[in-house]
Amino acid sequence: MLRLNEIQLPLDHPEDALHAAILARLGIAAEALLGYTIFRRSYDARKKSAVILTYTVDVEVNEEAALLKRLHGDRHLMPTPDTNYHFVAQAPGQLKSRPVVIGTGPCGLFAGLILAQMGFNPIILERGKAVRERTKDTWGLWRKRELQPESNVQFGEGGAGTFSDGKLWTQIKDPKHYGRKVLTEFVKADAPEEIMYVSKPHIGTFRLVKMVEQMRASIEALGGEFRFQQKVEDLDIQWEQGPGQGRGQVRAVTLASGETIVTDHVVLAIGHSARDTFQMLYDRGVYIEAKPFSLGFRIEHPQSLIDRCRFGPSAGHPILGAADYKLVHHCANGRAVYSFCMCPGGTVVAATSEPGRVVTNGMSQYSRNERNANSGIVVGITPADYPGHPLAGIAFQRQWESRAFELGGGNYDAPGQLVGDFIAGRASTELGTVIPSYKPGVRLGDLSTALPDYAIAAIREALPEFDKQIRGFAMADAVLTGVETRTSSPIRIKRHDDSLQSLNTVGLFPAGEGAGYAGGIMSAAIDGIRVAEAVALSICNKG
Ligand code: FAD
């Protein structure tokens, strides 16, 4: 099999044009091309009147070696690299104890799946409910203002990414092609096949719910065990020199029910919102440090504005779908403002997991056909903004989430303001042409006290700058809602680079977004695979 890169065709090319282009590029007759598959399809919309599709294809040809020799020097042709997943270990016949995975977000699901595929029969613990029941609870906040602190957008089967846009791309380095393994497993679990080759794959909420169930079934069929509504409340760590002193070794986890599960290997895939669990880990002596994250608002525009600006006359083309954007501005006060988790044709969602707090985020369906585009417009902050304690970032998040609850009227409405009013520094009293999608509702007013002064100043400066890249971005009627605080974890549970075990606690594998080692569905899933391998090797090396 050979990989051929950089085949460029116009957006509206006829179906057989790709076949013809492959023959032309390879200089072969149709009979010599035995077959081909598309490995990647991306678009270049810099010239809006002539959007270009770029393909990478894997081709099967007669006389492969002769062809490679003839086209020697063509840097766009090479033998297809092996991107298949290879297991690093197989479970021994007798396991001393079963590995425990805490959390069923993308990180925990993939850690559980890989461990199960290698025969390690993991026990997978989740504080929230199975995904169908969880969906009802999540909608309960959006429709009836009823928050279930253990079953919501953050907690429950599938983790934080279940009610999301399901964007699946990541910018992390992936030399072992773990991303392919993730996509392959998602397709097996009924994701659309195109995620294997489009440059910016996404899934959308409804499909994610079904996929999470399918993955659970696969893991169970392989000997894995799921337990829902089983919050891990404590860790039994045996310390060399007294509690929190020297090196510890995990011995067991204790559940809220009081049950104890004895184990030497715990994957900690708890996400960025498990604040009580972070506190427990800190109290038990696990090494944790504060890390930077971001906070800001969600912004909503008409999706048609973004489509027109990005795709011009090609807006609405089915291959392009709803347009996205990525924006960054470095402000005079030294802060960086950037767009975060952009959801084309989606909705803004209530994403708190704690009573008396308001948090925004975004989601969409596969079709991405809602009226508005939304994204977080967030400001980078560092531990210097919340100094003094490894968990101080959590207190900082809570402060602004509580303030948002208050500004929203104390009933889970989000505080909001029109962009024109926000920039001009006056309170909003009435919506314009953009109707915000956040449920249960938006209370218009003045957002200038909803975030620290430096963040407000930075966002005020950035919006007109973004308007230079997307004309209309700072339109007066665009709506800001807030606050966006759960952009990533405020802590890092540091681990060794090679063993992936906690710096001071043997057998504890901090993983995914909550531990500060991922940001997004794809990178969390990839980290789950890496950590599963580390657990397997640790078990096998110990015999
Ligand atoms: P999580 O998904 O947060 O999972 C952690 C799990 O651990 C949870 O299910 C939780 O209930 C459980 N848990 C926590 N503590 C305990 C405990 N003590 N005992 C037992 N269980 C526990 N990312 C993207 O890449 N693309 C997107 O389009 C996207 N959209 C998003 C939209 C929304 C509304 C949200 C909230 C997030 C979105 N994200 C998106 C971010 C993405 O969801 C996260 O990066 C990803 O889910 C992190 O995966 P994780 O497995 O590390 O943690």
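Modeller: The following dialogue takes up helices and then loop residues. This is a predicted model, in which local features need pLDDT of at least 70, side-chain atom pairs count only at pLDDT 80 or more, and totals for chains, interfaces and linings use all residues. Residues are numbered from 1 along each chain as its sequence is written, and side-chain values use heavy atoms, with hydrogens and water left out.

Colleague: At what angle do helix 3 and helix 12 pack?

Modeller: Two packed helices are described by the angle between their axes and the distance between the axes. Axes here are lines fitted to C-alpha atoms, for helices over the stretch in contact, with angles from 0 to 180 degrees between N-to-C directions. Helices (H or I, at least four residues) and strands (E, at least two) are DSSP runs, numbered from the N terminus. Helix 3 (residues 106–117) packs against helix 12 (residues 521–541) at about 35°, and their axes are 7 Å apart.

Colleague: Which residues of helix 3 and helix 12 make the contact?

Modeller: Contact means heavy atoms within 4.5 Å. Helix 3 contributes Pro 106, Cys 107, Phe 110, Ala 111, Ile 114 and Leu 115, while helix 12 contributes residues including Ile 521, Ala 524, Asp 527, Gly 528 and Ala 532. The contact residues divide into 13 nonpolar, one polar and one charged. In this scheme Ala, Val, Leu, Ile, Met, Phe, Trp, Tyr, Cys and Pro count as nonpolar, Asp, Glu, Lys and Arg as charged, and the others, Gly among them, as polar.

Colleague: How many residues of helix 3 are buried?

Modeller: Buried means under 20% relative accessible area, exposed over 50%, and partly exposed in between (1.4 Å probe, protein chains only). Twelve of the twelve residues of helix 3 are buried, so this helix is largely enclosed by the rest of the structure. Helix 3 reaches 16 Å from its first C-alpha to its last, close to the 16 Å expected at 1.5 Å a residue; the expected span is 1.5 Å times one less than the number of residues. Just after helix 3, Gly 119 has a positive phi of about 90°.

Colleague: Against which elements do the buried residues of helix 1 pack?

Modeller: In helix 1 (residues 17–26), the buried residues are Ala 17, Leu 18, Ala 21, Ile 22, Leu 23 and Leu 26. They pack against strand 1 (2–10), strand 2 (33–44), strand 3 (52–61), helix 2 (64–70) and strand 4 (77–79). Gly 27 follows helix 1 with a positive phi near 65°.

Colleague: Which side chain does a polar contact of 2.7 Å join to that of Glu 354?

Modeller: The partner is Arg 398. Glu 354 is also found in the loop between strand 16 and strand 17, and at 12% relative accessibility Glu 354 counts as buried. Leaving aside neighbours within four places in sequence, Glu 354 is in contact with residues including Leu 147, Arg 275, Tyr 412 and Arg 486.

Definitions and conventions: Polar contact = N/O pair within 3.5 Å; in protein donor to acceptor, adjacent residues only side chain to side chain.
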